[in-house]
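Visitor: I have a structure open and would like to learn how to read it. Please take me through it feature by feature.

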Amino acid sequence: MRGGRSTLGAFTAMVAIALACGAPAVAQEKYPDKPITFIVAWPAGGGSDVSMRLVADAASKKLGTSVVVVNKPGAGGALGHKDIASARPDGYTIGMFSNGGIAAQYNNPNANTIDELQPIAFFGEDPGAISARVETGFKTVPDLITAAKASPGRIKNGNDQPGGSSFIAIAVYEKAFGIKVTRVPYQGFAPTVVGLLSGEVDVATVPVPDIIEHHKSGKARILGVAATERHFMAPDVPTFKEQGLDVLYGSWRSIAGPRGMPADRLKFLEAKFLETLRDPEFVARAKAAGFAVAPLGIDDTWKRWKADDVAYYPILKEAGLVKVREKN
Amino acid sequence: MPGRLNRDVAAGALFVLSGAAGLWAGRTLSVGTPEAMGEGYLPRALCLALVAMGIVIAAGGVIRGGAAIERWTVRPLFFVTVSIIAFALVVGIAGLAPAVLVAILVATFAGEPVPIATLAVFALTLTTAVVVGFCWGLGLAVPVVPGVYL
Amino acid sequence: MDGLLGNLALGFAVAFSVENIGLCLIGCILGTLIGVLPGIGPTTTVALLLPITFYLDPVGALIMLAGVFYGSQYGGSTTSILVNLPGESSSVVTCIDGYQMARQGRAGAALAIAALASVVAGVVTTVLIGLAGPPLASIALLFQSADYVSVMVLGLVSAVVLAHGSILKAVAMIVLGIFLGLVGTDVTTGEQRFTLGISELYDGIGFVPVAMGLFGVAEIIYNLEQTRGRGIVTATIARLWPTREDLRRAWAAVVRGTGLGALLGILPGSGPTVASFAAYSLEKKIARAPERFGKGAVEGVASPEAANNAAAQACFIPMLSLGIPPNAIMALMIGAMMIHGLTPGPGIITKQPELFWGMVASMLVGNVLLVVLNLPLIGMWVKLLKVPYRFLFPAILVFCCIGTYSLKASPVEVMMIALFGVIGYAFRKLDCEPAPLLLGFVLGPMLEENFRRAMILSGGDASVFVTRPISAGFLVLAAILLVAVLLPAFKKTREAIRE
């Protein structure tokens, strides 16, 4: 018998029985002896949900107990992060923390700060990118920069709401390239892509997986990716660095828990999640779904959180998004 | 409550009040310009429209007169509302089963009286059916009682 | 034509495999079931099912999830008709005449008409997807923000038409609805509005608690009050099935509803809801005796049910051929495809023909399965109305609570049901109808987002709404409709519900 909650009754029971051989849960006193709740602060079906369900599924086997994904969307992730941070630190409630949580610290008075969460492992990063409508004629990022400098504010960029990852992306690029564009907000990547294809905006800062099919079909063109390496889904697209522009930006996902978990359980979780994230079968699966996996342990994850906290602050400040917890 | 306060006057007053409350609650929101509208632009426009329409509706009620407001009965209103609130308060603390039970028990006070024995059988049967159906059948991630999932 | 037949043959070969027929059936049964349960909508169910799709092949997984989705459209009208509880925004309109039919003892006829309207709309739209899906998808790309604004304005004007009492009250309810829809984080600036510091309100007030409160709970309170706690007594059921007269009235409404639904369904966001409101208003507007509407008119059930089911099928068009999800469910379907390493987009039909055509074929199969499943169930649903009200209403309340709690595990959202129940009851006492408010509420955020975006893009020039041909077209339609409503001749036929 698996100890987990079944999903959709009788039908899942069959799947569960089929899996039961893979996950025998003998009654043990040691951790973990019951299912682990994994909170995803985003709605089901999005990139965060899909990636974390893949992780939860693979980690269930390594941890010897089922990892149950619970979606708790709302307030830009703040509601779900709160559930993680305020959970009993017994290692049975963990979840995902992504870079959206960094911005939330400063514009949502109820959001948790990164100090209130315990990093467990780093999942990976979706590098920032910028794509253009084919009709603009832009083939490279320098083409865009030249045009933007010729008439500041005339080029329109599609991005998400202020504080969102594609908003921060365009803010970072504007600053680095010394250009000014009109930021046009959309609610999510899919509507942004529609806006780009319908000619409403000229460029858009959506991540590679969201636009790759349109890049391949020739309706849009990815001008560059803000990473150290080319994106595995778009090997034909050069990085910003290759185009002589020294800018890095990415939105990342990590696994986190509440502060104050027992050291042995924390170490155990770190080890098992790293094992999961390095499992070639898992990596292949994640890659097929469009996720690049780049595992890091507790200390490096924390360093990354801190680094982005420092890097985003001035950008948020400039965009008028620092409303609470001002830094000096 | 027959009298001067007919349905149109009351409805108009309600719209005026809602609009005014919205204007007050949103007084700090920035309005911006048509080219770069602030978060307060549309809410303020809507609230002003509400106030204006409310006045016209109420004035119509005063001039033309309108149907009298029906009597309010407090009992169903009170117990139905409390039943839902009780569910909300209990479910987070004690889980689904107690919440459903409490909600059913409170709700029955809103209707005509049910004999105690019948009520007990009905409440327990419905609770069991609902908990089994939702937690086990549909796999809802809600504990039946704290820490227990089906 | 050869190509189409070949493709359909391929599709049916995929859809008729034992496994896929089974998955389609499971999806349809589940969909019907959750459609009937208030609150738990297809979005939650598809989300819960997502992990299972790890272990299925992608075509089978999508066939099942699609079954859940359109199956729930059939089930969704059931609670609207029986107990005045709209589970989704697209079944709000069905409450108006469907519930009245049920109170007159014609619940069986209403349910049957809803099911038949849905299957006709479903089959016709699916054939349309097969014939012209990919070219039709590009319609979605012709629409820009300004055009969406005008489509929504047309939708809102149609909500005025369906109201019975004072026009001004209906307009005020729409405005109040839009305002309530704006509560939460402003998409454009990221600023909090009217959230009173409550985190649960940051994403706005949820549709489910508002709909349940304004319709279902307010109706319960009102019923108990009117009958001194005894509750409604439904008229004896004369006959279970629609009469010949019912069918005669319904068929043309179904055809018009299907057309409207298929067109509006392709557009992202507002499709099925606007389609159902517009379809109802169209029927009322062209009816010889519009005063029948709101008192159990068959067309008032047939047309919006056809429209919302047609729109539900039509939203597969942009999802499959452009990779654009027009709503949350299609986003989940894309999630399911991503799990299997499939990126939906323009390439998918040529690269994965068995996926596209298999789904089209399975949707035809599924719609037929659904009607076969649903018609025999009608007898059972109607019997449910014979349960004494003192047992029925606590059960309805509990279902509302659990359904809402299942969405976000948020007690605050559950309390919202109570709040909107009281508000709905008060409006009812004041002759203000909730349907226009609900449409404003659903469209409010989209309307504002697109309006502001259109203004940003045009540099603050409002003339963009009349210079873009698509937008101008919809505005002209809205204006014609509005004039028709305001014309005194029409006004005479509007009944005043003042007793």
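Visitor: How many residues does the contact take from chain C and from chain B?
Guide: Contact means heavy atoms within 4.5 Å. Here the contact takes 62 residues from chain C and 63 residues from chain B. Before going on, note that this is a predicted model: local features need pLDDT of at least 70, side-chain atom pairs count only at pLDDT 80 or more, and totals for chains, interfaces and linings use all residues. Residues are numbered from 1 along each chain as its sequence is written, chains are lettered from A and ligands numbered from 1 in the order in which they are written, and side-chain values use heavy atoms, with hydrogens and water left out.

Visitor: What is the area buried between chain C and chain B?
Guide: The size of an interface is often given as the accessible area lost when the parts come together. Buried area is the accessible area (1.4 Å probe) that two parts lose on being put together, summed over both. For chain C and chain B that comes to about 5,600 Å². Carbon and sulfur atoms give 81% of this area. On the chain C side, Ile402(C), Lys429(C) and Leu430(C) lose the most area to chain B. Together they make up 10% of what that side buries.

Visitor: How many salt bridges does the rule find across the interface of chain C and chain B?
Guide: Side chains of opposite charge can pair when their charged atoms come close. A salt bridge is a side-chain nitrogen of Lys or Arg within 4 Å of a carboxyl oxygen of Asp or Glu. Across this interface the rule finds four. In one of them, Glu70(B) meets Lys429(C) at 3.4 Å, N to O. The rule also finds 10 residue pairs in polar contact across the interface of chain C and chain B, both residues at pLDDT 80 or more. A polar contact is a pair of N or O atoms within 3.5 Å; within protein, one must be able to donate a hydrogen and the other to accept it, and residues adjacent in sequence count only if both atoms are side-chain atoms.

Visitor: Which element gives the most to the side of chain C that touches chain B?
Guide: Elements are DSSP runs, numbered from the N terminus: helices (H or I, at least four residues) and strands (E, at least two). The answer is α17(C), with 12 residues. By class, that side of chain C divides into 43 nonpolar, seven polar and 12 charged residues. Ala, Val, Leu, Ile, Met, Phe, Trp, Tyr, Cys and Pro count as nonpolar, Asp, Glu, Lys and Arg as charged, and the others, Gly among them, as polar.

Visitor: With which residue does Arg7(B) form a salt bridge?
Guide: Its partner is Asp431(C), with the closest N and O atoms 2.9 Å apart. Arg7(B) lies in helix α1 (residues 7-25) of chain B and Asp431(C) in the loop between α18 (411-429) and α19 (434-457) of chain C, so the pair joins two chains. Both residues are buried. Buried means under 20% relative accessible area, exposed over 50%, partly exposed in between (1.4 Å probe, protein chains only).

Visitor: Where do Asp246(C) and Arg106(C) lie?
Guide: These two side chains meet in a salt bridge at 3.6 Å, N to O. Asp246(C) lies in helix α10 (residues 244-265) of chain C, and Arg106(C) in the loop between α5 (92-103) and α6 (107-142). The pair therefore ties together parts that are 140 residues apart in sequence. Asp246(C) is buried, at 6% relative accessible area, whereas Arg106(C) is partly exposed at 25%.

Visitor: How many residues of chain C are in contact with chain A?
Guide: Chain C puts 50 residues in contact with 50 residues of chain A. The area buried between them is about 4,200 Å², and carbon and sulfur atoms give 65% of that. Phe54(C), Tyr55(C) and Leu457(C) supply 14% of the area that chain C buries against chain A, more than any other three residues. The count here is one salt bridge. Arg453(C) pairs with Glu200(A), the closest N and O atoms being 3.8 Å apart.

Visitor: Which residues touch the most other members of the largest nonpolar core?
Guide: A nonpolar core is a set of buried Ala, Val, Leu, Ile, Met, Phe, Trp, Tyr and Cys residues joined through side-chain atoms within 4.5 Å. The largest holds 278 residues, and Phe38(A), Phe273(A), Phe15(B), Phe87(B) and Phe316(C) touch the most other members. α6(C) gives the most to this core, with 16 residues.
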